[in-house]
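Work through the exercises below with the sequence and the model in view. Each task is followed by a solution in steps.

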Amino acid sequence: IPEKLQRISKLFALKDCMDRIHVQMPGEVWNLHLDKLEKWAPEEPWTVMRIQLQLTDWEPGHFWSYGNYQHQFWRAGDVTTFDWQNLPHSTANAGHNPRVTFQMTGLITPETTEFINRLKRFGNHQLDISDNSW
């Protein structure tokens with residue numbers, strides 16, 4: 001993981017965080033599913049969070065669905081999270097270029113909640129990732 005993305009991950013302050021860059025190439029599909037993230041906290045799975053940071057802008061043919069909501073028109077730097085235990089989701093790339101996402105998964109800390117609330121409070125769910133060093 002490039003240093004800039006490691007620094008961004010630290011801002012979210014997830015405990016036992018697993019960072020990964022997910023590249024979905026044209027023609028690839030993740031069928032509708034529920035994530036299985038309980039392993040981070042089997043006794044308290046509600047304390048686990050997965051955060052997505054888009055590293056590329058949305059393009060026609062890029063699909064991301066959460067339940068019956070179709071997420072589209074994102075910009076590089078947009079941040080999303082969702083109820084991974086209860087919300088089936090899927091992705092597909094029927095476009096011409098890779099869709100690249102930085103995923104952070106771990107245990108929520110008070111600092112995690114504070115940082116996400118700060119992003120929401122300022123109406124900005126986007127982080128500056130402009131140097132494209134990944």
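The model is predicted.

**Exercise 1.** Is alanine 13 buried, partly exposed or exposed? Then place the residue and describe its backbone.

Solution. Step 1: the relative accessible area of alanine 13 is 23%. Buried means under 20% and exposed means over 50%, so a residue in between is partly exposed. Alanine 13 is therefore partly exposed. Step 2: alanine 13 sits in the loop between helix 1 and strand 1. Step 3: its phi is near 55°, a positive value in a residue other than glycine. Most residues other than glycine have a negative phi.

**Exercise 2.** Treat aspartate 16 in the same way: where is it found?

Solution. Step 1: aspartate 16 belongs to strand 1. Step 2: its relative accessibility is 52%, so aspartate 16 counts as exposed. Step 3: the phi of aspartate 16 is positive, about 55°, although the residue is not a glycine.

**Exercise 3.** Which residues make the nonpolar surface patch?

Solution. Step 1: Ile1, Ile21, Val23 and Met25 form this patch of about 290 Å². Step 2: isoleucine 1 lies in the segment before helix 1 (3–12). Step 3: with a relative accessible area of 41%, isoleucine 1 is partly exposed.

**Exercise 4.** Describe the largest pocket and its lining.

Solution. Step 1: the largest pocket holds about 250 Å³ of space. Step 2: 15 residues line the largest pocket, and Arg20, His33, Asp35, Arg50 and Gln103 are the closest to its centre. Step 3: elements that give two or more residues to this lining include strand 1 (15–24) and strand 8 (99–107). Step 4: the lining comprises 4 nonpolar, 7 polar and 4 charged residues.

Technical notes. Residues numbered from 1 in each chain as written. Predicted model: local features only at pLDDT ≥ 70, side-chain atom pairs only at ≥ 80, totals over all residues. Heavy atoms only, no water. Patch = residues over 30% accessible without salt bridge, like charges linked within 9 Å, V, L, I, M, F, W, Y side chains within 5 Å. Areas by Shrake-Rupley, 256 points an atom, 1.4 Å probe, with all protein chains shown as cover. Salt bridge = Lys/Arg side-chain N within 4 Å of Asp/Glu carboxyl O. Helix = DSSP H or I, 4+ residues; strand = E, 2+ residues; numbered from the N terminus. Buried < 20%, exposed > 50% of the residue type's maximum accessible area, 1.4 Å probe, protein only. 1 Å grid on protein atoms, 1.4 Å probe; cavity = no way out; pocket = protein on both sides within 12 Å on 5 of 7 lines; lining within 4 Å. Points joined across faces, edges and corners; volume = space filled by probe spheres on them. Nonpolar A, V, L, I, M, F, W, Y, C, P; charged D, E, K, R; others polar.
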